[in-house]
Amino acid sequence: QPSPDLALTLARLHARAGQPQAAIQLYRGLVRDHPGELMLRAEMARLMYENDQPEEAVREITAVVTARPRDSKLLAVAGDIHFKDKPEAAATFYRRALEIDADDNHARAQLGASLVRSMQYQEALPILDDAIVRDAGNYAAHASLATALFKLKRYPDAAREFVWLIRSRPEVAARYYFLANSFEHLGDCEQALRCYQEYVRRADPAVTKTEVEEATLRIDQLQRLAKEGRCKSPSKPKKK
């Protein structure tokens, strides 16, 4: 029968030790004994979500934000829990969090990411730009911005963001693939070839088999085009 503080410490230790169910059981006891501690319930909901109990997580966090609809931190947790499966719902929670606390840059970056996940690329751009202005080293915001720019076919800007991401975390193989693709759209065969080669060198073919095969094919094609002097920029649209 641990004290509430000890039970919470133990629950968090179980979670960090990779024992989520033991942690959730302790959270359940705390929530039952202290129903007014809504942040405890939110922590439990997040843990449930992270451990493949999404329906329970959504039920718990819905009850929390219904009880306290003007708590920006709880709204941000609700956004996090909906982020993967329901990005549009997540965006609604993040917007509400920002309306209450305009300085919450996590909510701002996540709002931008939610818009990207729901394919609202243009709308995401100013939000992600603002998040980066407030925190230039925000990796998640740069990653979402790179994706949005790529999807909008703004390849020079996308390439700039992918270069930033690679410099920050060179071990993430996927960034080389999209940088290579951006360079290819820009007609820069030499840089595209180098990036595809780097991607193939770093990627795990067991996980990204299709992308590795595609990159290998592009390497062969780019090498042939470069050798034959036929590497050209994409055709420009005709002027009206």
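This is a predicted model: local features need pLDDT of at least 70, side-chain atom pairs count only at pLDDT 80 or more; totals for chains, interfaces and linings use all residues.
Residues are numbered from 1 along each chain as its sequence is written, and side-chain values use heavy atoms, with hydrogens and water left out. Local features need pLDDT of at least 70 and side-chain atom pairs count only at pLDDT 80 or more, whereas totals for chains, interfaces and linings use all residues.

Helix H9 (residues 139-151) packs with helix H11 (residues 174-185) at an angle of about 35°, their axes lying 12 Å apart; helices are DSSP runs of H or I with at least four residues, numbered from the N terminus, and axes are lines fitted to C-alpha atoms over the stretch in contact, with angles running from 0 to 180 degrees between N-to-C directions. In H9, Tyr 139, Ala 143 and Phe 150 meet Arg 175, Phe 178, Asn 181 and Ser 182 of H11, contact meaning heavy atoms within 4.5 Å.

In the loop between helix H4 (54-67) and helix H5 (72-82), Asp 71 counts as buried because its relative accessibility is 18%, where buried means under 20% relative accessible area, exposed over 50% and partly exposed in between (1.4 Å probe, protein chains only). Met 119, in the loop between helix H7 (105-117) and helix H8 (121-134), has a positive phi near 65° and is exposed, with a relative accessible area of 61%. Lys 153, in the loop between H9 and helix H10 (155-168), likewise has a positive phi, near 65°, and counts as exposed at 62% relative accessibility.

Methods. Helices (H or I, at least four residues) and strands (E, at least two) are DSSP runs, numbered from the N terminus.
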